[in-house]
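Hi there,

Here is the structure I promised to pass on. Please have a look at it first, and then read my notes below.

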Amino acid sequence: MLGNATYRLANTSILSVTRVEAPEVVSSNSLDDLLEDTYARIGMARGGLAGLAGVEERRWWPEGTSYISGAVEAGNSALAAAGVEPAQIGLLINASVSRPHLEPSVAAQVHDELGLPTDCLNFDITNACLGFVNAMQVAGSMIDAGQVTYALIVASEGTREPQERTMDRLINGDTTKDELKEAFATLTVGSGAAAMVLGRSDQHPDGHRVVGGLSRAGTSHHGLCIGTMEEMHTDSRALFVEGMALVQDAWNEAKAEFEWTDMDAYIPHQTSTAHLRGLSRTLNLDNDKVAVSLMHHGNTAAAAVPFTLAQEVPNLNKGDRVLLMGIGSGLNTSFTEVAW
């Protein structure tokens, strides 16, 4: 059995991938300063956000600014980089975790503000931090099937609100050590946006071909990380253990279909340096080939994989084999190979 979903694409390429950094920098030192009294009361030392998670700072969109504007900016940038006009886009997928309301979709607003045509299909795909990688598979399948010629995927995450609410609760309440540990992951996330244009390989020989990939579900662990736009509750230790087990199972099953043991670059979801080290150790990866963006941006949720890929583009060469590695609460994991 090759997992829950193995797929190959024949005629889909990445034409561009871009990122937008949220402008306000919030250091872990500044959060530790605000939590100083809480740390002292419950007997915990400061420095865990930078020391354990590896997040020295994260970013916020300015107060009063909708993070959806980041998706629009990233989308415009990706269209310009690909040399594709808005009128040519046949599919828009928003893959962000963050959303200001249940309906309409975030994609509807992005579609309008980008000036995409009325015959452009648009919707959201939400699957925790795995949404963007899932969206690539859906868009690629539609391109291969001839349903659309060009697809645009966007994701913009806004973490200011849940982090401000969590800090208020940790500072002003009777926070226990267990409650702070459960809120730890909330303080490691960061705001940012990314976008990607996909098109037909036969029309764009200089594009970066999406080879295919594999997904695997471990949904018996769906309760390990529960997040809303106000706060997150995470069993970080169990999430690490079960996440690594799921990744190992998927990796083992992928060997029958793919050869990923010596890629030129690995672009994993960015949770913490401990998770990245665990991933490298579990799969026996070369650490020098594992891209990292979380130190200065935190965990940018569904935007993390394309955000980090956009960061690494200047370091990639034609013909490089790149593996995108998504892991999301649920639990779900998905790998996508790209021939750069």
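How much space lies in the largest cavity? About 30 Å³, in what is a predicted model. The structure holds 1 cavity of 30 Å³ or more. Its lining is made up of Y67, I68, A71, N94, S96, S98, V106 and S156. Sorted by class, that lining has 4 nonpolar and 4 polar residues, with no charged ones.

Y67 turns up again in the second largest pocket, where Y67, P62, T65, R160 and E161 lie nearest the centre. This pocket has about 200 Å³ of space and is lined by 15 residues. Here the classes come out as 5 nonpolar, 6 polar and 4 charged residues.

Now to the packing. As a rule, nonpolar side chains in soluble globular proteins tend to be buried together. In this model the largest nonpolar core has 34 residues, and those with the most contacts inside it are M136, I153, M196, L198, L309, V322 and L324. Two or more residues each come from strand 2 (12-21), strand 5 (91-94), helix 6 (131-144), strand 7 (151-157), strand 8 (192-200), strand 12 (265-268), helix 12 (304-312) and strand 13 (321-328). Helix 6 gives the largest share of this core, with 7 residues.

Setting aside neighbours within four places in sequence, V322 is in contact with M263, A265, I267, L309, L316, T336, E337, V338 and W340. A second, separate core has 27 residues, including Y67, V106, V110 and V197. Two of these names, Y67 and V106, are also in the lining of the largest cavity.

Is T300 buried or exposed? With a relative accessible area of 0%, T300 is under the 20% cut-off and therefore counts as buried. Beyond its neighbours within four places in sequence, T300 is in contact with E157, G190, S191, G192 and F307.

Finally, helix 9. Its 19 residues (236-254) should span 27 Å at 1.5 Å a residue, and the end C-alpha atoms are 26 Å apart, so the two values agree. The buried residues of helix 9 are L239, F240, G243, M244, L246, V247, A250, W251, E253 and A254. One of them, E253, belongs to the charged class.

Conventions. Residues are numbered from 1 along each chain as its sequence is written. This is a predicted model: local features need pLDDT of at least 70, side-chain atom pairs count only at pLDDT 80 or more; totals for chains, interfaces and linings use all residues. Side-chain values use heavy atoms; hydrogens and water are left out. On a 1 Å grid over the protein atoms alone, a cavity is a set of points where a 1.4 Å probe fits but cannot get out, and a pocket is an open set with protein on both sides within 12 Å along at least five of seven lines; lining residues have an atom within 4 Å of a point. Grid points are joined across faces, edges and corners, and a volume is the space filled by probe spheres set on the points. Helices (H or I, at least four residues) and strands (E, at least two) are DSSP runs, numbered from the N terminus. The expected span of a helix is 1.5 Å times one less than its number of residues. Buried means under 20% relative accessible area, exposed over 50%, partly exposed in between (1.4 Å probe, protein chains only). A nonpolar core is a set of buried Ala, Val, Leu, Ile, Met, Phe, Trp, Tyr and Cys residues joined through side-chain atoms within 4.5 Å. Contact means heavy atoms within 4.5 Å.
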